[in-house]
Amino acid sequence: MVRPKTTAAAKTSRNGRLSNTERSAYFARREAAKVLRLVLQGDARRRAVGSIKSLVYSPSVRNKKATFALVCQTLKHLPIIKEVLESASVLNSRWKRQEELVYIITYDILFGQEISLVGDAEKYLMLRKDAIQSNLARILVRKKAKCIEDLIAPPDVTKPRYVRVNTLKMDVDSAMLELRKQFVVKKDDLVPDLLILPPGSDLHDYPLVMNGSLFLQGKASSMVAAALAPKPGWKVLDACSAPGNKTVHLAALMKGTGRILACELNKERVKRLEDTIRLSSASNIEVLHGDFLNLDPKDPAYSEVCAILLDPSCSGSGTAAERLDYLLPSHAAGHAADITDVERLNKLAAFQKKALAHALSFPAVERVVYSTCSINQIENEDVIKSVLPVAESYGFRLATPFAQWNRRGLPVFEGSEHLLRTDLVEDKEGFFIALFVRENVDNLGNSTTSRITNKKIVKNIKENKNIKRKAVMIPLMHNRMFRIWSLTHCMLKSGRIFLDAKNDFGDS
C-alpha cells in the first residue's frame, strides 16, 4: 500500500519529529477512519461493501491490528461518543465532513491511548479535551452508571478459530506442522482442508495467513464449495463471488485446473475479489465484473459450465456476531425488527429466487449449490420450495450434502431433509446450503442429457433425405469422443446437419 502523505501538521511534534509510536498511531487512526466510513455508510444503506473484518484485513490496510482495534472499540462506544460530542458542540460544519476521524480520535481521548498533537484533527479535539471528558462524566451520572462498562454489554461469542489450508500453496500436513509450533491444532472431521485452533487464536499477522497459504474462513463457509465438489478440469461459475474465499476454495478443490468464472456486480467488491485471488495464487479464475442475471445461459461462453455456486446477497443474520454486526448502529435495541428489515428480506428473497432459477437454466450444468449465511426461512427453505418446480423442469433434484451432518432444513415441504443448516447456538453461526443435482444418469450409467441431445441429431438425420436410413441408428452414448465422431460423420454427409448439431453442443 502507498503510505499516506504526511500533512504539515503531522510532520512535527513536541521534539520536531514523529516518534515511531506517534507515526504508527497517526496513520492507524486515519486507516481506521476510512474503514469506519465504509462500515457506517454500508450499514445506513443496508448494502455493506464487506464485513468489518474483511474491510480491515484487506491488503490495502497496512496496520491491521491497530486499525481493527480502533474500529471495533469506536463502534462499541459510538453511541456514547456521539452523545458526548453533541453535548460539547464539537462537530461543527468543518469537522462534520470528517466525522469518522473525529469519532476515532474522541475514542482515544476518552478511552484509549494518549493523544499527541500530530494532526489538525488531533489538535482541534485536544483543545476541547476538558469539555469532552466533563460531558462524559455528566452522562455517567445522569444514567446512574458507575463506569463506562455499565453502558456497554456486547454479546460474548466464543468459537473455535478455523483456518482453511490453501492447497494451491501448501499441503495440510505441512500447515499443521507449522501451526503446532505456536498453537494446538487438529483437523476438522468434515472438510478435509480445514483446521481447528482454540478460540481467540490470533492469526491475522501470522506469516502463512499473510502469504495466502492459510485463509481465515469459518467451517460453514468452507462447507459451501466442498458441497459443490467440482472436479478438476471442470468449468465452474461462481455467481456472486466477492470477497472470494469460496472462489479460491473452488480453485483449490479443482487443483488449479479447469476454469472458474467469478462474477461480481459491485465495483468495490470486485477489487476485494481480485485481492483475494492474487493472495491465493489461483491462476484459473477469470473475474467477470457484471450482473449474474445478465449472463445468457445460451451464450457459447457458458455452454461448458458444469457447476454453479450461488451465494447471493442475504441478510447475514447467521453470521451477525461473527461479523461484529452487533456493533453497528442498525443493531441498536428495538431496530432489528422494524418494517424496513421486513421489506428488505422480501426484496432479498425475490432476488434470491430469481438468481437460483437463472442458475438452474444453464444447459450443461450438473450441480448447483445455493447457500446463505442467514437463519431466516424466507431466504432459505422458502426460496428452495418456490424454485423446485423450475428445478424439476430442468431435470434437477435435491441431493444431500454432507449426509453425516445432523442439522437439516426446516420441515416445511417434502424433501427439506436434503437441505443443510448450521445452528447459531451449537455451531456459533447460521448457514444454509442446498445442493441441486441434475438427473442425467440412468440405471445403465448413460447420460439422459446426452440422450436428449442425440435425439436432436437423429431428428436432423431423419429430415435429411440424402442420408441412408441406417445412419439413424446412432448408439445413444454419452461419451464425448463418440459424440465428436458422430458429428464428424454427419458433417461428411451434410453440412447443414453439422451446423445444427454444432449449435446443440455449443462448440465454437
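Arg-421 and Glu-381 are both buried. Their side chains form a salt bridge in this predicted model, with the closest N and O atoms 2.7 Å apart. Arg-421 lies in strand β11 (residues 420-421) and Glu-381 in helix α14, so the bridge ties together parts that are 40 residues apart in sequence. The structure holds 20 salt bridges. Side chains of opposite charge can pair when their charged atoms come close.

| Salt bridge | N to O distance |
|---|---|
| Arg-421 and Glu-381 | 2.7 Å |
| Lys-187 and Asp-173 | 3.3 Å |
| Glu-99 and Lys-96 | 3.3 Å |

The side chains of Lys-187 and Asp-173 meet in a salt bridge. This pair links distant parts of the chain, with Lys-187 in strand β2 (residues 186-187) and Asp-173 in helix α8 (residues 172-179). The two residues are 14 apart. Lys-187 counts as partly exposed, at 44% relative accessibility. Asp-173 is also partly exposed, at 47%. Lys-96, the partner of Glu-99, has a relative accessible area of 45% and is partly exposed.

Next, the overall fold. The secondary structure comes to 17 helices and twelve strands. The protein has 508 residues, and 51% of them count as buried. Take the contacts between residues at least 6 apart in sequence: 70% of these join residues at least 24 apart. The protein exposes about 25,300 Å². Carbon and sulfur atoms supply 53% of that area.

The axes of α5 (residues 99-110) and α7 (residues 129-142) come within 10 Å. They cross at roughly 75°, and angles of 65 to 115 degrees count as roughly perpendicular. The two helices are therefore roughly perpendicular to each other. From α5, the contact uses Thr-106, Ile-109 and Leu-110. From α7, it uses Lys-129, Ile-132, Gln-133 and Leu-136.

Several loops carry backbone details. A cis peptide bond joins Ala-242 and Pro-243, with omega about 5°. Pro-243 sits in the loop between β5 (235-238) and α11 (245-253). Ala-229 is not a glycine, yet its phi is positive, at about 50°. This alanine is in the loop between α10 (219-228) and β5. Ala-229 is partly exposed, with a relative accessible area of 36%. Lys-255 is likewise not a glycine and has a positive phi of about 60°. Its place is the loop between α11 and β6 (259-264). Lys-255 counts as exposed, at 62% relative accessibility.

Two serines come together from separate stretches of sequence. Ser-315 and Ser-374 are 59 residues apart in sequence. In space they are 6.0 Å apart, C-alpha to C-alpha. Ser-315 lies in the loop between β8 (305-310) and α13 (339-360). Ser-315 is buried, with a relative accessible area of 16%.

Last, the surface. Ile-375, Leu-424 and Val-425 make a nonpolar patch of about 250 Å². Ile-375 belongs to the loop between β9 (367-372) and α14 (381-393). Ile-375 is partly exposed, with a relative accessible area of 37%.

How values were computed. Residues numbered from 1 in each chain as written. Predicted model: local features only at pLDDT ≥ 70, side-chain atom pairs only at ≥ 80, totals over all residues. Heavy atoms only, no water. Patch = residues over 30% accessible without salt bridge, like charges linked within 9 Å, V, L, I, M, F, W, Y side chains within 5 Å. Areas by Shrake-Rupley, 256 points an atom, 1.4 Å probe, with all protein chains shown as cover. Salt bridge = Lys/Arg side-chain N within 4 Å of Asp/Glu carboxyl O. Helix = DSSP H or I, 4+ residues; strand = E, 2+ residues; numbered from the N terminus. Buried < 20%, exposed > 50% of the residue type's maximum accessible area, 1.4 Å probe, protein only. Axes fitted to C-alpha atoms, helices over the stretch in contact; angles between N-to-C directions. Parallel < 35°, antiparallel > 145°, perpendicular 65-115°, else oblique. Contact = heavy atoms within 4.5 Å.
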